[in-house]
Amino acid sequence: MKEFTAVLRNEMLKTIRRPRTFIGFGVITFICLMLQGAFYQDGKEILSTVTGQFENVFTIQGHILNGNLICYILLQTLIVQMPLLVAFVTGDLISGETASGTIRFLLTTPASRGKIVVAKWLSGLIYTFLLLVVLGIFALIISRAIFGVGDLMAMNSEGLTIIRADDINWRWGCAFLIAFLSLGVVASLGTMLSCMMDNSITPIVTIMAVIIIFTIIGLFDMPTFEMIKPFLFTTHMISWRSLFEEPLPAKTILSSCVILFFHIVAFLSISIYYFKRKDITT
Amino acid sequence: MSSAILLENVTKKFKDFTAVDDLSFEVKAGDIYGFLGPNGSGKSTTLRMIMSLIKPDSGAVQLFGQSLRDNRHTIMKKIGCIIEKPDFYSYLSAKENISLFASVHQLNYTKKQYEELFELVGLKGREHDKVKNYSHGMKQRLGLAQTLIHDPELIILDEPNTGLDPQGILDLRHLILSLNKERGKTILFSSHILSEVQAICTNMIVINKGKTVVQGRVDDLLSQENLTVKLEVVDPMACNEKLQDTKWMALLESREEKLFVFKMGKTEIPGMIDYLTVNKIAIERIDYRNQLEDYFLKITHN
């Protein structure tokens, strides 16, 4: 256990010391501040155009343009960028070391390959968690500080749902948990591809290609696609949105979480299996 | 003497290419072994199999009498190595890189111990520099620090003098010899600088096309009696005249203008130089090809 802790600590140190790690934090901070600034300036005008037709139908406590709505919009927006940021770091975890030759440095220590892969995967998950913490701070806490707290007017496939402000905090907690599971799948996929390839660009590009292809399949309601959609992790990555529906589709959300979890287990298992057998020739 | 490394009928193929072909050899504990072979002979693949970076397709790799496959953890604690070239995390300092390695070995080095280690490899005062600012030679020295940090019983050095300046090569030679003599380390040393191998190693293993060509003690394998000595003089006529009726004339193999080529023992060279100097024969150049070079070329070309 001591040895594993040392390997994990080393992986965290390497992650923290690499400049690319901070690109993710910088991008999230920038996007949040940029959109908050834009909504602060023009938000009321845009929202009155969109919600004008509903104003006499719903009763909303507080302003429509509030911290909860900004956080909801930011999460929708960042659903594309967050996997890219995670892929940027996790796709490089092992392949980057293979390309630079430091993999030899790592694999000639007593630590087993299994421990090394798991430590790298965990460091990727910790990084993902920290990205979400930064997102939570900027998207939710700072948005609430700037725009105040109020009911959330959530637009989804079923229509418009109003979530009361006093019933929303647990939903945000669960949404970030599902976001963590979703990005955990991306991190695990990144680790797996990183084990298989000897340069850091290909895994990152492959992850993005997979996400784009799966997302496109998810967009079309065609019978062929409908059959495969339940097996695509991207279908379940957006299940956090269901937390802002009434009545709450608890079963669907839970099954999505289970499917995401099994994706993580599968990708990690393949990573360990493959890496244990890999010849290091670079 | 117990064996530090034992390879038995090890084979490794990459698709259709057989890199190592039924290779067997033994490295006895306490000796310095030179591991030689031309480019593409399978040296690096063999060293990588010993370090568990590559898995053999068949055969057995044993270290310290234990199977590498079954006892990797115990074995790796006793080995230090530089494979190919030492690569480090360029965004970390030299000391940070070494402490990463130390932490996996569960070592709690004090500041003084780090200083001693960096002094030993000639990097004192540069330990806090980022590795991206290191030259290749400095990285080689850092590689040595990483190799030695856990006080291993067996040290494997693959081309450790690549990129080192002459002083660095000399320092490395002294370091290897002292590690062996004073601390009893077993060393497997691969290099293309054959004079270094000859100067350092007690034993040697030569492989070619993935097979062992020869293995044995350097002294037994290299005769000191049959060197090719080339002598170039200013006045060849006078030289030829002075050499007549001397024992060296019998050793003359060929002559071409100013160049005389002899086959003689190494111990006879100073005597011939003295004789020619006393007889006022001006020598432009005298050299003899390194014995190991001759031997290496002979056996690998066969």
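**Helix packing, strand pairing and a chain interface**

Me: Which residues in α3(A) meet which residues in α6(A)?

Reply: From α3(A) come Gly67(A), Ile70(A), Cys71(A), Leu74(A), Leu75(A), Leu78(A), Met82(A), Leu85(A), Val86(A), Val89(A) and Thr90(A). They meet Gly124(A), Tyr127(A), Thr128(A), Leu131(A), Leu135(A), Ala139(A), Leu140(A), Ser143(A), Arg144(A), Ile146(A) and Phe147(A) of α6(A). Contact requires C-beta atoms, placed from the backbone, within 7 Å. By class, this contact has 16 nonpolar, five polar and one charged residues (nonpolar: Ala, Val, Leu, Ile, Met, Phe, Trp, Tyr, Cys and Pro; charged: Asp, Glu, Lys and Arg; polar: the others, Gly among them).

This is a predicted model, in which local features need pLDDT of at least 70 and side-chain atom pairs count only at pLDDT 80 or more, while totals for chains, interfaces and linings use all residues. Residues are numbered from 1 along each chain as its sequence is written, and chains are lettered from A and ligands numbered from 1 in the order in which they are written.

Me: At what angle do the axes of α3(A) and α6(A) cross?

Reply: Two packed helices are described by the angle and the distance between their axes. Here α3(A) (residues 67–90) and α6(A) (residues 113–147) have axes that come within 10 Å and cross at roughly 160 degrees. Axes are lines fitted to C-alpha atoms, for helices over the stretch in contact, with angles from 0 to 180 degrees between N-to-C directions. The two helices are therefore roughly antiparallel (over 145 degrees; under 35 is roughly parallel, 65 to 115 roughly perpendicular, the rest oblique).

Me: How many helices and strands are there in chain B?

Reply: Chain B has eleven helices and 14 strands, taken as DSSP runs numbered from the N terminus (helices H or I, at least four residues; strands E, at least two). Its C-alpha atoms fill a box of roughly 70 × 45 × 35 Å along the principal axes.

Me: In which sense do β1 and β4 of chain B pair?

Reply: Strands pair if DSSP finds at least two bridges between them. β1(B) (residues 3–14) and β4(B) (residues 58–63) are antiparallel, with five bridges, and Leu7(B) stands opposite Val61(B) in β4(B). β4(B) also runs antiparallel to β5(B) (residues 66–67), through two bridges, where Gln62(B) has Ser67(B) as its bridge partner. Two residues lie between the strands of this hairpin, in which Phe64(B) takes a positive phi near 55 degrees.

Me: How many residues of chain B are in contact with chain A?

Reply: On chain B, 22 residues are in contact with 23 residues of chain A. α2(B) (72–76) and α3(B) (94–104) each supply at least two residues of that side of chain B, and α3(B) gives the most, with four. The side divides into 13 nonpolar, four polar and five charged residues.

Methods:
Contact = placed C-beta atoms within 7 Å.
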